[in-house]
Amino acid sequence: MEIELKEISDFLAGIPPFDRLPMALVQQLTKETTVRYIRRGHFLPPENVNQHRLYVVRKGVIELKSRKGKLLGKLSDGDICTIYCLDVDHTKFQVEVKEDTLVYSIACDSLYEVVSDYPTVADFIKKTASQRLSDAVNT
């Protein structure tokens, strides 16, 4: 089991915002990470998951859509889906798995607790991918 945890830690440590954290904190988050395989056509969060979680796409593609079907964002390998960690009305969108996908998920409460001393990481998580892209273009 240790080799799997190291593989997850190494992956997380290589992607934003986790690349801004000390390895000890990444390893702490890894211990709280759940690994899920989700088939194409299903939705996030998976059934029976009531806790707000951040999702990291390890392999695959997911799409964030409005309830009317408008594409709001598309995420793939190495991207993070922060929408369930945000204070938004989760009934106004859906996250559809477009390809069979392997995701890592971390409870938002645990994540915010671990990164509380790292405001740039917390700020990163508090934005959607499109907000982060807009910020990057405008700076």
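This is a predicted model: local features need pLDDT of at least 70, side-chain atom pairs count only at pLDDT 80 or more; totals for chains, interfaces and linings use all residues.
1. On one side of α2, Ala 24 and Lys 31 are exposed. Across from them, the helix, which spans residues 23-31, has four buried residues: Leu 25, Val 26, Leu 29 and Thr 30. These four cover an arc of only 145 degrees around the axis, so they sit on the same side of α2.

2. Here is a handy idea for reading that pattern. An α-helix has 3.6 residues a turn, so residues three or four places apart point the same way. And what lies over the buried residues of α2? The cover includes α1 (2-13), β8 (101-107) and α3.

3. Next, look for the largest nonpolar core, which has 23 residues. Leu 12, Phe 18, Leu 21, Leu 54, Val 56 and Leu 111 are the ones with the most contacts inside this core. At least two core residues come from each of α1, α2, β3 (53-59), β8, α3 and α4 (119-125). Which element gives the largest share? That is α4, with four residues.

4. Setting aside neighbours within four places in sequence, Val 56 is in contact with Phe 11, Leu 12, Ile 15 and Phe 18, among others. Its list of contacts also includes Asp 79 and Ile 80, along with Leu 102, Val 103 and Tyr 104.

5. Now for the cysteines. A disulfide is a covalent bond between the sulfur atoms of two cysteines. How many disulfides does the model have? The count is one. This disulfide joins Cys 85 to Cys 108, with 1.9 Å from S to S. The link between Cys 85 and Cys 108 is left-handed, with -85 degrees about the S-S bond.

6. Cys 85 is in the loop between β6 (80-81) and β7 (93-97), while Cys 108 belongs to helix α3 (residues 108-114), so the pair ties together parts that are 23 residues apart in sequence. Cys 85 is buried, at 12% relative accessible area, and Cys 108 is buried too, at 4%.

7. One more cysteine deserves a look. Cys 81 takes part in no disulfide. Where is the nearest cysteine sulfur to Cys 81? That sulfur belongs to Cys 85 and is 8.6 Å away. Like the two partners, Cys 81 is buried, with a relative accessible area of 5%.

Definitions and conventions:
Residues are numbered from 1 along each chain as its sequence is written. Side-chain values use heavy atoms; hydrogens and water are left out. A disulfide is a pair of cysteine sulfur atoms within 2.5 Å. Buried means under 20% relative accessible area, exposed over 50%, partly exposed in between (1.4 Å probe, protein chains only). The arc is that of the directions from the helix axis to the C-beta atoms. Contact means heavy atoms within 4.5 Å. A nonpolar core is a set of buried Ala, Val, Leu, Ile, Met, Phe, Trp, Tyr and Cys residues joined through side-chain atoms within 4.5 Å.
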